[in-house]
Amino acid sequence: MSTVLAKTYYAKAISDVSDSGSTKSGLSPSDSVLEVPTLGAPVAKDKPSFWRRPKHELDSIATQPSVFDDPATLEQYRPPSTWENAHRFDPSARWTWREEYRLVRRIDLLIMIWAFIMFFSLDLDRSNISQANTDNFLNDLGLTTDDFNLGNTLFKLSFLIAELPSQLISKRVGPDIWIPSQMVLWSFVSLGQFWLSGRASFLATRCLLGFMQGGFIPDVILYLSYFYTKSELPLRLAWFWVSNYLAEIVGAFIATGLLKLRGVNGKAGWRYLFLIEGGLTLAIGIASFFMMPPSPTQTKAWFRPNGWFTEREETIIVNRVLRDDPSKSNMHNREGLSVKMIWNILKDWRMWPIYALGIVFMVPVTPPQTYLTLSLRNLGYTTTQANLLSIPSKFLGMVLLLVFCYLSEIIDSRVISTALLQIWALPLLIALYTFDQNTSPWVYFAVVTLITGFPYVHPVQVAWASTNSAGVGTRTVSASIYNMFVQAGGIISANIYRDDDKPLYKRGNRVLIAICVMNMFLYLFVYVFYKGINKRRDKIWNSWSAKEQQEYLEKTEDQGNARMNFRFAY
């Protein structure tokens, strides 16, 4: 979110008070803005660097200007007393860059790394179906490619359906309780796949896994937003999604070993794969109950009597986050959403373009990625070779994920950095379409590796949706809706490669090329859409006097991103 500060009306009001001897708008001369403690230089003036963060004098003030520095707007944005961190809010609090850097590193160590581990376990359980495919999984259960497609569709549909209810439960009971509960629940389903017996049990477990895992990602992102500013979150999300690739790389090596257990006690190797990896998730899920404090000011517990942060550190965390986004104090972390609030968020047409991107942006690259190991087996590679040959694409994707997320912050353009995925995919999909039965398996492997090693821009778009939302309640629902559209895109992707089109999937690749071209035009529309809204609001806002701006802030019924001083990221 970007909130434009109002013109300095308060200083003029003080002058009027001095001249007339009367008070206006309830402002007191004793609250003069001249008495506000010194602020740090705005970081926006620093030019970004790809490899280094902007340089600051470590002992200089890091506190950034915000709406809390003007008493005329302070009361409008002051956190309610019911907010869990209200006792640490202090508009006069100041801290240095040395303190901030040290504290952010500590948050990374205590909060971010564990979020990485939790997501790692999710992806281990979510992606091991691909490794199981290389061990005659379909033949053992008497399944066809279409059955496999149906299982993936049901998983994504269940995941989609569970997104919003999961977020609402998390908002009511707290993500520190709900996220570990989710992990424990889906780990039992995951390890229970050891006992799969056929098509019915396969489809049932796909549904259950989707229901249990749905909402996990937006739940964690909302939780992380309690600790990080909007400029810090996208890069943390990039590393958060690195766990996705790391899980697939590590999972490929684990599978290479575990699948060799085929025949032990008369069981297939893929059964041990599900059992052992599900057990690992169960352990991480139980540990998460102890590793996730409810908020920055609630880290003390019976097993952690001293907490993670001092009072000074809690004050810095709370005030730096609120100065960056005052709307984060709108709701308690255990406050639910009403039906009316949910409906109003669903009606927010300003978010619809991002939702539209969510349903289609990954479609051109998802089918080749899903069928990578199966396609390699169809080309004659062994189980071990197919699993190991999937690793280069994962490593490439992990590197490009970080590069493109950093690029997004450097060029400060969400549209350009995310649309590059379509530019990357289009020529490769055209090359894939030209292949025939005489194409060298190694040439096919090289092209498919480049396609499936695509720059994963999903974290950028997740952060983009979060930035263009305003308020914890809006962010909660919009994150779920966006991910629901992403899962809907996954359902589309799961049905593009069909059994009667294998092994080259010519018809499917034509569809992917068409969608890729369509996406390029969609990104252009989104750019024009948000730029147009910002331009119109700038024109209106800047035409108002300081008094008119202040009267708007005091009297408007506009909420969140509908406010005239809100600017959208694009």
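Start at S187. S187 sits in helix α6, residues 175–192. Helices here are DSSP runs of H or I with at least four residues, strands are runs of E with at least two, and both are numbered from the N terminus. S187 has 0% relative accessibility, so it counts as buried. The cut-offs: buried is under 20% relative accessible area, exposed is over 50%, and partly exposed is in between, with a 1.4 Å probe and protein chains only.

A word on where this comes from. This is a predicted model, so local features need pLDDT of at least 70 and side-chain atom pairs count only at pLDDT 80 or more, while totals for chains, interfaces and linings use all residues. Numbering runs from 1 along each chain as its sequence is written, and side-chain values use heavy atoms, with hydrogens and water left out.

Next, Y223. It lies in helix α8, residues 216–225. At 3% relative accessibility, Y223 is buried. What does Y223 touch, beyond residues up to four places away in sequence? I111, P175, M292, P293 and P294.

Now the core. A nonpolar core is a set of buried Ala, Val, Leu, Ile, Met, Phe, Trp, Tyr and Cys residues joined through side-chain atoms within 4.5 Å. The largest one has 135 residues, and F137, F216 and W241 have the most contacts inside it. Helix α3, residues 97–133, gives the most to this core: 15 residues. Another core lies apart from it, with twelve residues, including V67, F68, W83 and L322. Back to W241. Leaving aside neighbours within four places in sequence, W241 is in contact with F119, I217, I221, L401, Y456, H458, P459 and V462.

Two backbone points. Most residues other than glycine have a negative phi. N265 has a positive phi, near 55 degrees. N265 is in the loop between α9 (233–258) and α10 (269–291). Buried or exposed, N265? Exposed, at 70% relative accessibility. Y505 also has a positive phi, near 50 degrees. Its place is the loop between α21 (472–493) and α22 (506–543). Y505 is buried, at 2% relative accessibility.

Finally, the whole chain. The protein has 23 helices and two strands. Its radius of gyration is 26 Å, close to the 25 Å that the globule rule gives for 570 residues, so it is as compact as a globular protein of that length. That radius is taken over C-alpha atoms, and the rule is 2.2 Å times the number of residues to the power 0.38. Along the principal axes, the C-alpha atoms fill a box of roughly 90 × 55 × 45 Å. Of the 570 residues, 58% are buried. Among contacts with a separation of 6 or more, 81% join residues 24 or more positions apart.

Last, charges. There are 55 positive and 46 negative side chains, and the centres of the two sets lie 3 Å apart. Lys and Arg count as positive, Asp and Glu as negative; His and the chain ends are not counted. Each charge is placed at NZ of Lys, CZ of Arg, CG of Asp or CD of Glu.

Terms used:
Contact = heavy atoms within 4.5 Å.
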